[in-house]
Amino acid sequence: MTSVRHLALAGVASLALAVPAHAQWVVFDPSNFAQNVLTAARALQQINNQIQSLQHEATMLDNQAKNLASLPYSSLSQLDQSILRTEQGLASAQGIAYNVATIDQAFTQVYPQSYSGSNANPQLMADAQTRWQNARAGYQDSMRVQAGVVQNLDNTRAQITALVSSSQAASGALQAAQSGNQLAALQTNQLADLTAVISAMARAQSLEGARKVESQAQAQQQLNNFLNGGQGYQPQPVTLFH
């Protein structure tokens with residue numbers, strides 16, 4: 001039995017010697033494999049995070065581009081034309097215009113505070129005619145300004161519709177802000193038209209009021225001229241029957 005065991009051991013030793021020197025056993029290390037897998041997973045997660053960060057930055061740039069996009073519609077030219085029409089209506093005022101120096105000069109010449117005895121009736125009548133013409137022209141000018149403002153209403157309505165549509169379709173903050181600014185400018189234009197109408201009406205009423213006040217002073221002077229002119233009435237003998 002002992003001899004058989006020795007023979008077996010000798011056979012194993014001889015097989016070991018017969019194996020080439022470069023041949024080795026492949027060893028699997030579970031711990032090292034798990035560590036490598038974990039490292040690869042972490043690297044993949046970092047790559048995914050970088051991809052998401054780049055996507056977020058691209059979205060931010062796109063939103064910034066939209067916010068900086070200018071509004072494609074502008075109503076400024078229409079507003080300028082509307083304001084120009086109103087200004088032309090005021091500038092075409094007849095007689096006494098909207099000018100302080102002109103008003104002062106006219107009131108000195110045609111609307112004096114009092115008349116002297118040297119004012120003859122023909123001059124008084126000429127001044128009265130001038131005042132009547134100024135009052136009439138004031139009402140005409142007022143109606144012209146009102147007509148121009150009414151003509152602007154249709155254009156204003158079209159601008160409001162376009163600006164509201166542009167505001168609702170705005171893709172960014174800049175477009176929305178520009179729409180709001182243009183709507184505010186349009187409202188300012190409407191207030192300017194309203195101011196022009198009120199000014200024209202007030203001018204007409206002022207001219208008519210000044211005419212009435214001056215007519216009283218003129219009538220008083222004409223009465224004085226009549227009472228103090230010549231020798232007055234002298235009784236004369238009259239023969240009724242021949």
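Mentor: We may begin with the largest nonpolar core, which has six residues: Ile96, Ala106, Val110, Tyr111, Leu207 and Ala210. The model is a predicted one, in which local features need pLDDT of at least 70 and side-chain atom pairs count only at pLDDT 80 or more, while totals for chains, interfaces and linings use all residues. Residues are numbered from 1 along each chain as its sequence is written, and side-chain values use heavy atoms, with hydrogens and water left out.

Trainee: What makes a set of residues a nonpolar core?

Mentor: The set must consist of buried Ala, Val, Leu, Ile, Met, Phe, Trp, Tyr and Cys residues joined through side-chain atoms within 4.5 Å. Buried means under 20% relative accessible area, exposed means over 50%, and partly exposed lies in between (1.4 Å probe, protein chains only). Another core, of five residues, lies apart from it and includes Val145, Val149, Ala196 and Ala200.

Trainee: How many helices and strands does the chain have?

Mentor: The chain has six helices and zero strands, and its pattern along the sequence reads α-α-α-α-α-α. Both kinds of element are DSSP runs numbered from the N terminus: helices are H or I runs of at least four residues, and strands are E runs of at least two. Of the 242 residues of the chain, 20% count as buried.

Trainee: Why are H3 and H6 called roughly parallel?

Mentor: Helix H3 (residues 76–91) and helix H6 (residues 173–228) pack at an angle of about 10°, with their axes 10 Å apart. Axes are lines fitted to C-alpha atoms, for helices over the stretch in contact, and angles run from 0 to 180 degrees between N-to-C directions. Angles under 35 degrees count as roughly parallel, over 145 as roughly antiparallel, 65 to 115 as roughly perpendicular and the rest as oblique. H3 and H6 are therefore roughly parallel to each other. On the H3 side, the contact is made by Leu79, Ser82, Ile83, Thr86 and Leu90, and on the H6 side by Gln182, Ala185, Leu186, Asn189, Asp193 and Ala196. These residues divide into six nonpolar, four polar and one charged; Ala, Val, Leu, Ile, Met, Phe, Trp, Tyr, Cys and Pro count as nonpolar, Asp, Glu, Lys and Arg as charged, and the others, Gly among them, as polar.

Trainee: What is the arrangement of H3 with helix H5 (residues 121–168)?

Mentor: H3 and H5 pack at an angle of about 175°, with their axes 9 Å apart. H3 is therefore roughly antiparallel to H5. Gln78, Leu79, Ser82, Arg85, Thr86, Gly89 and Leu90 in H3 meet Val145, Asn152, Asn155 and Gln159 in H5. By class, three of these residues are nonpolar, seven polar and one charged.

Trainee: How do you know whether H5 is roughly parallel or roughly antiparallel to H6?

Mentor: H5 and H6 pack at an angle of about 170°, with their axes 9 Å apart. That angle makes H5 roughly antiparallel to H6. The contact of H5 with H6 has 19 nonpolar, 18 polar and seven charged residues.

Trainee: Does Gln218 count as buried or exposed?

Mentor: Gln218, which lies in helix H6, has 5% relative accessibility and so counts as buried. Not counting residues up to four places away in sequence, Gln218 touches Tyr115, Leu124, Met125, Ala128 and Arg131. A polar atom of the Gln218 side chain lies 3.0 Å from the backbone oxygen of Leu124.

Trainee: Why is Gln182 called buried?

Mentor: Gln182, also a residue of H6, has a relative accessible area of 9% and is therefore buried. Leaving aside its neighbours within four places in sequence, Gln182 is in contact with Leu71, Tyr73, Ser74, Ser75, Leu79 and Leu163.

Trainee: Why does Asp154 count as partly exposed?

Mentor: Asp154 is found in helix H5, and its relative accessibility of 49% is the reason that Asp154 counts as partly exposed. The side chain of Asp154 makes a polar contact with the side chain of Arg157 at 3.0 Å. A polar contact is a pair of N or O atoms within 3.5 Å; within protein, one must be able to donate a hydrogen and the other to accept it, and residues adjacent in sequence count only if both atoms are side-chain atoms.

Key:
Contact means heavy atoms within 4.5 Å.
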